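Student: I have a model open and would like to learn how to read it. Could you walk me through it?

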Amino acid sequence: MEELKERRDRSVFSREFRLIGDRLVSTGKVWFKSQGIIFLLTSFLCTIGMFLVGNPCPVLVGMGIGIMDAFPVLGTGTVLVPWAVIEIAMGSWKTALILTGLYLICTFMRQFLEVHLMSGQMGLSPFETLGGSVCGTETVWDSRAVSGTAGIVADRGYDRIIDHAAYEQ
């Protein structure tokens, strides 16, 4: 392992690797912080929704739905949509309407906050973050925000390295 570190440090590109690596690490930290904020807000909204529905364990169920939302493939729709459909089949329209509204609120909140929190903390415009999210969705569906946005951040870091190298000459 020490030999690899020495080879990396002696490489012509060691500074570039370090700059891009540092930028990707900071992007990962921002992503985790954004996901934590979204998780807390989703859990809070779902807890309120469970109180409105009359669930006997609203905090536990709200937190469980928040955890499901944290997984990229699952989301709040995994729980709320089938539950709303079952409530419609049972004739409980009010509960189904509350669950459907809760699903829509949580979905739009996640889409809005994910772009704005990531862009605000990384120095990117919301449009660039949204573009990275879409590109990430098309290439690596499971980790859209990380892969697409990290690609944009790495590209910007590479542009800065090129600009710095041109300035030195």
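Student: Which helix does Q35 lie in?

Tutor: This is a predicted model, so keep that in mind as we go. Q35 belongs to helix α2.

Student: Is Q35 buried or exposed?

Tutor: The general idea is to compare relative accessible area with a cut-off: under 20% is called buried. Q35 comes in at 12% relative accessibility, so it counts as buried.

Student: What does Q35 touch, once residues up to four places away in sequence are set aside?

Tutor: R110 and E114. With E114 there is also a polar contact, side chain to side chain, of 3.1 Å.

Student: And S43, where is its place?

Tutor: S43 is in helix α2. Its relative accessible area is 2%, and because buried means under 20%, S43 is buried. Leaving aside neighbours within four places in sequence, S43 is in contact with G62, M63 and G66.

Student: Now the nonpolar side. Which residues make up the largest nonpolar core?

Tutor: Look for buried nonpolar residues joined through their side chains. Here the largest such core has eight residues: C46, M50, I65, L80, A84, L99, L102 and C106. At least two residues of this core come from each of α2 (14–53), α4 (77–89) and α5 (93–122). The largest share, three residues, is supplied by α5.

Student: What is C106 in contact with, beyond its neighbours within four places in sequence?

Tutor: You will find T42, L45, C46 and T76 there.

Terms used. Residues numbered from 1 in each chain as written. Predicted model: local features only at pLDDT ≥ 70, side-chain atom pairs only at ≥ 80, totals over all residues. Heavy atoms only, no water. Core = buried A, V, L, I, M, F, W, Y, C linked by side-chain atoms within 4.5 Å. Buried < 20%, exposed > 50% of the residue type's maximum accessible area, 1.4 Å probe, protein only. Helix = DSSP H or I, 4+ residues; strand = E, 2+ residues; numbered from the N terminus. Contact = heavy atoms within 4.5 Å. Polar contact = N/O pair within 3.5 Å; in protein donor to acceptor, adjacent residues only side chain to side chain.
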